[in-house]
Amino acid sequence: MTDLDIFAVCPPGLEPQLAAECRALGFARGKPEAGGITLTGDWAEVWRANLELRGATRILVRLGSFPAFHLAQLDKRARAFDWSALQPHIPVRVDVTTNQKSKIYHAGAAAERIERALREEHGLPIDPEAPVRIMARIERDLVTISVDTSGESLHKRGHKLHTGKAPIRETLAALMLRACGYMPGEAVVDPMCGSGTFLLEAAEWASDLQPGRDRSFAFEHLATFDADAFAGLRRASSAPGVAPVFYGSDRDQGAVNGAIRNAEASGVAGLCHFSCQPLAALQPPPTPPGLVLLNPPYGERIGADKKGPLYALYGSFGKIMRERFPSWRIGMVTSDPKLAHVTGLELGSGPVIDNGGIKVKLYQALIPPVSR
Ligand SMILES: C[S@@+](CC[C@H](N)C(=O)[O-])C[C@H]1O[C@@H](n2cnc3c(N)ncnc32)[C@H](O)[C@@H]1O
């Protein structure tokens with residue numbers, strides 16, 4: 001079988017981290033493009049990418065492309081296109097994006113033509129709620145047809161019971177851990193852990209658990225799916241002997257209860273220590289220095305004049321890190337550079353990333369060791 005053109009999507013700016021993960025998991029090529037990584041492989045690699053990549057938002061397979069300069073041509077070529085990856089009678093939906101440089105500029109009309117071709121020529125039912133989504137991109141009069149093999153975004157791992165306020169997306173948390181140079185075995189502390197996303201991602205990673213083990217995927221509805229072969233890719237158990245070095249705290253008891261339930265549902269509760277305490281009570285755990293990773297509140301919806309308590313919170317975070325966490329690495333996600341600044345830490349910052357509509361940055365620092 002010829003290799004498929006697979007595209008693992010990630011937030012723009014985090015392509016190097018996803019490329020590193022693709023390489024670590026043995027995927028072929030891993031060439032970064034804007035907004036993701038191109039991989040090659042067969043359908044089993046598509047299933048494995050969905051099952052194993054922590055940082056990918058979704059996995060697309062490019063089915064092919066053809067030029068189309070007007071809607072009648074699009075209609076004709078969509079009818080003649082090789083749709084054999086789709087199953088007759090399984091409903092599909094079609095999303096189209098176009099750019100200004102194409103003669104076909106009306107995405108809705110283009111989607112309608114492709115849908116009609118699928119329905120009339122190939123007998124496929126069209127349904128806006130269909131489990132299978134066809135994505136057509138029209139750029140410079142070239143129509144590229146892909147199928148979304150994931151379905152629901154891959155940040156929905158399928159085992160998070162409690163989401164809390166302003167959680168970081170699981171996929172983003174995994175890429176941020178990689179950006180911070182997280183290595184399984186080292187301790188991770190999140191003193192404002194909310195639903196526990198950073199800790200659960202790190203604990204699962206250390207345990208070699210497949211992030212997609214508890215969910216279903218759109219590829220299960222494609223003609224290319226082989227349930228037995230896919231079952232062979234699933235691993236039921238976690239790695240033995242993982243150090244219980246994941247420490248979460250939050251001042252909100254409800255959030256802590258939720259994080260504990262999430263850790264139980266993920267099978268990593270035995271590796272995590274959660275406590276209800278304010279930041280001011282934070283002490284380093286009894287481990288060698290590791291990584292403190294958090295997203296404190298950003299006060300997105302409050303004006304600068306009302307951010308006083310947040311400045312105080314960030315200021316005291318910086319002070320606690322300097323005084324109590326020598327030699328630890330810090331990763332802090334926030335949307336407001338002024339809040340990062342008041343920590344007083346020497347922070348380097350990464351690219352601007354979209355977290356569910358809010359533009360955030362990862363700020364990093366290394367706390368100097370204690371001088372003797
Ligand atoms: C943006 S949320 C963190 C979300 C978390 N990363 C997740 O994925 O669910 C910020 C958290 O900081 C906590 N928090 C705010 N001020 C705090 C303080 N002074 N001490 C401890 N936790 C605090 C809030 O209760 C909230 O759960």
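Trp47, Phe217, Phe219, Phe225 and Phe230 form one aromatic cluster. Rings of Phe, Tyr and Trp (its six-membered ring) count as a pair if their centres lie within 6.5 Å; planes under 30 degrees apart are stacked, over 60 edge-to-face and the rest tilted. A search of the whole structure finds twelve aromatic pairs. In one of them, the ring centres of Phe219 and Phe230 are 5.1 Å apart and the planes stand at 80°, so the pair is edge-to-face. Phe219 sits in the loop between α6 and α7 (227–231) and Phe230 in helix α7, so the pair ties together parts that are eleven residues apart in sequence. Helices (H or I, at least four residues) and strands (E, at least two) are DSSP runs, numbered from the N terminus. Both Phe219 and Phe230 are buried. Buried means under 20% relative accessible area, exposed over 50%, and partly exposed in between (1.4 Å probe, protein chains only).

The model is predicted: local features need pLDDT of at least 70, side-chain atom pairs count only at pLDDT 80 or more, and totals for chains, interfaces and linings use all residues. Residues are numbered from 1 along each chain as its sequence is written, and side-chain values use heavy atoms, with hydrogens and water left out.

Now the chain as a whole. It has ten helices and 15 strands. A compact globule of 372 residues would have a radius of gyration near 21 Å; the chain has 23 Å, which agrees. That radius is taken over C-alpha atoms, and the globule rule is 2.2 Å times the number of residues to the power 0.38. Along the principal axes, the C-alpha atoms fill a box of roughly 75 × 50 × 35 Å. Of the 372 residues, 50% count as buried. Contact means heavy atoms within 4.5 Å. Among contacts between residues at least 6 apart in sequence, 77% join residues at least 24 apart.

The surface comes next. The chain exposes about 16700 Å², and carbon and sulfur atoms supply 54% of it. These areas come from the Shrake-Rupley method with a 1.4 Å probe; for residues, only the protein chains shown count as cover. There are 42 positive and 40 negative side chains, and the centres of the two sets lie 6 Å apart. Lys and Arg count as positive and Asp and Glu as negative, while His and the chain ends are not counted. Each charge is placed at NZ of Lys, CZ of Arg, CG of Asp or CD of Glu.

Turn to helix α6. It is mostly covered: ten of its ten residues are buried. Among them are Phe198, Leu200, Glu201, Glu204 and Trp205. Glu204 lies in this helix, which spans residues 197–206. Glu204 has a relative accessible area of 1%, so it is buried. Not counting residues up to four places away in sequence, Glu204 touches Arg54, His159, Leu209, Pro211, Arg213, Ser266 and Val268. After α6 comes Asp208, whose phi is positive, near 60°.

At 4% relative accessibility, Ser266 counts as buried. Leaving aside neighbours within four places in sequence, Ser266 is in contact with His159, Leu200, Glu204, Leu209 and Arg213. Ser266 and Gly158 are 108 residues apart along the chain, yet their C-alpha atoms are separated by 9.1 Å.

Arg178 counts as partly exposed, at 23% relative accessibility. Arg178 and Ala239 are 61 residues apart in sequence and 19 Å apart in space, C-alpha to C-alpha.

Helix α3 (residues 71–80) has Gln73, Leu74, Asp75 and Ala78 as its buried residues. They pack against β4 (58–67), α4 (107–122) and β7 (142–148). An α-helix has 3.6 residues a turn, so residues three or four places apart point the same way.

Two loop residues remain. Asp141 lies between β6 (132–139) and β7. Asp141 has a positive phi of about 65° although it is not a glycine. At 9% relative accessibility, Asp141 counts as buried. Ser327 is in the loop between α9 (308–324) and β12 (329–334). Its phi is near 70°, a positive value in a residue other than glycine. Ser327 counts as partly exposed, at 30% relative accessibility.
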